Amino acid sequence: MSARQLRATASAVDAPPAAAADTGRRAALQAAPPPAAEAGSAPAPLLHVDNVGLEYRTAQSVVRATHKVSFDVLPADRFVLLGPSGCGKSTLLKAVAGFLRPRDGEILLDGQRVRGPGPDRIVVFQEFDQLPPWKTVKQNVMFPLLASRTLGRREAAERALHYLDKVGLAAFAEAYPHTLSGGMKQRVAIARALAMQPKILLMDEPFAALDALTRRKMQEELLALWDDVRFTLLFVTHSIEEAVIVGNRVLLLSPHPGRVRAELDTADFDLAGLGSERFQNTVQRIHHLLFPDAPPPGRADPAQLLSPTDLRFAL
Ligand SMILES: Nc1ncnc2c1ncn2[C@@H]1O[C@H](COP(=O)(O)OP(=O)(O)OP(=O)(O)O)[C@@H](O)[C@H]1O
């Protein structure tokens, strides 16, 4: 990280809330430009979300999920959408995946407008039942490669084993999903997604159903995997701690309907700093940005990632 980025990061997370309010939250907390920008050649965004409004329509009602949300995800970003329940995080992810068309604005992936689902965007969900139980672990990882005709059977098997090895499950290739723990099932889902070598990996609260210690371990493994593979990640969470650990950039969304509250550069934080004063102060500051009128959250117990700053309960 450049000295300039470090300074920008510090001003983003250490500035007092009043200062953020004075200068405009978005401006004060804008992510630092990547080093290439200093040389005048900023990388083009891989994902460009421009003024996107999303809604659900039924015969009886219209539910507005997001309002004029804009952000850019750069190649190899770990970009996190953070906000309270109902602010439209999952809906945004669904729109990027192509399952939902924006009511307003547009979503571009690699310069192309997103018009529907495609193998260049793979979603990992929270649920443990995303793996067909009648297929072995290896067959599960191979399935999208074969179904999309990306690879033939032999190459698909090789690639499946390669990614199962990366998530530490090569020894379980012939096992069936019901014999695996929740964390292992999520690893298989991650291996299956990465095996498709998508342009962007979409994760919708992938660790939320795991116990706190397994969740922490999975965060650690995800970061190690990213270090190894350098994929581009769009990750949804309620948990401020998880957002700060997993993301190098975090977009804060206001309560329903979701609007952009701020964008933070969090590249400087990792699991090692979890209990530190600086980490805790950052968590509290993010909480304040989301809920300026609420009392500050209690200090998070580093052993408990489902902490008072889990925003499911923050409305
Ligand atoms: N299928 C649907 N039909 C109608 N409204 C929906 C549907 N899915 C979501 N919504 C509404 O859209 C809004 C945004 O929902 P969304 O699930 O995207 O929020 P979220 O931030 O992901 O919440 P959570 O963190 O609780 O998963 C909410 O008001 C929700 O009730």
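**Figure 1. Burial and overall build of the protein chain.** Buried residues make up 41% of the 315 residues in the protein chain. A residue counts as buried if 20 or more other C-beta atoms lie within 10 Å of its own, as exposed if 12 or fewer do, and as partly exposed in between, with C-beta atoms placed from the backbone. This is a predicted model, in which local features need pLDDT of at least 70 and side-chain atom pairs count only at pLDDT 80 or more, while totals for chains, interfaces and linings use all residues. Residues are numbered from 1 along each chain as its sequence is written. The protein chain has 11 helices and 10 strands; helices (H or I, at least four residues) and strands (E, at least two) are DSSP runs, numbered from the N terminus. Of the contacts with a separation of 6 or more, 70% join residues 24 or more positions apart. Here, two residues are in contact if their C-beta atoms, placed from the backbone, lie within 7 Å.

Figure 2. An unreviewed UniProt entry places the feature "domain: ABC transporter" at residues 47–280. UniProt positions are given in the numbering used here, feature names are shortened, and annotations may be inferred rather than shown by experiment. Over residues 47–280 the chain is 33% helix and 26% strand, with the end C-alpha atoms 31 Å apart.

**Figure 3. The shell around the ligand.** Which residues come nearest to the ligand? Of the 13 residues around it, they are Tyr56, Ser85, Lys89, Ser90 and Thr91. A residue is near a molecule or strand if its C-beta atom, placed from the backbone, lies within 6 Å of it. Both β2 (62–73) and α5 (89–97) supply at least two residues of this shell, and α5 gives the most, with 3 residues. By class, the shell has 4 nonpolar, 8 polar and 1 charged residues. Ala, Val, Leu, Ile, Met, Phe, Trp, Tyr, Cys and Pro count as nonpolar, Asp, Glu, Lys and Arg as charged, and the others, Gly among them, as polar.

**Figure 4. The largest nonpolar core.** In soluble globular proteins, nonpolar side chains tend to be buried together. The largest nonpolar core here has 74 residues, of which Val96, Ala191, Leu202 and Leu234 touch the most other members. Such a core is a set of buried Ala, Val, Leu, Ile, Met, Phe, Trp, Tyr and Cys residues joined through C-beta atoms within 7 Å. Helix α8 (residues 182–195) gives the most to this core, with 7 residues. Domain 1 (3–120 + 198–313) and domain 2 (129–196) both give residues to the core, so it lies between them. Look closely at Leu202: not counting residues up to four places away in sequence, Leu202 touches Leu93, Val96, Ala97, Arg121, Ile122, Val123 and Leu234.

Figure 5. The protein chain is divided into domain 1 (3–120 + 198–313) and domain 2 (129–196), with bounds from an automatic or database domain assignment. How many residues does each domain bring to the contact? Domain 1 brings 14 residues and domain 2 brings 10 residues. On the side of domain 1 that touches domain 2, helix α9 (residues 212–229) gives the most, with 6 residues. That side of domain 1 has 11 nonpolar, 1 polar and 2 charged residues.

**Figure 6. Backbone angles to look out for.** Most residues other than glycine have a negative phi, and most peptide bonds are trans. Asp110, which is not a glycine, has a positive phi of about 55°; Asp110 is found in the loop between β4 (104–109) and β5 (112–113). With 14 C-beta neighbours inside 10 Å, Asp110 counts as partly exposed. Glu205 also has a positive phi, near 45°, in the loop between β7 (200–204) and α9. Is Glu205 buried or exposed? Glu205 is buried, because 20 other C-beta atoms lie within 10 Å. The peptide bond from His256 to Pro257 is cis, with omega near -10°, and Pro257 is in the loop between β9 (249–253) and β10 (260–265).

**Figure 7. Helix α6 and its partners.** The buried residues of α6 include Val137, Lys138, Asn140, Val141, Met142 and Leu145. The buried residues of this helix pack against α7 (153–166) and α8. Just after α6, Arg149 takes a positive phi of about 55°.
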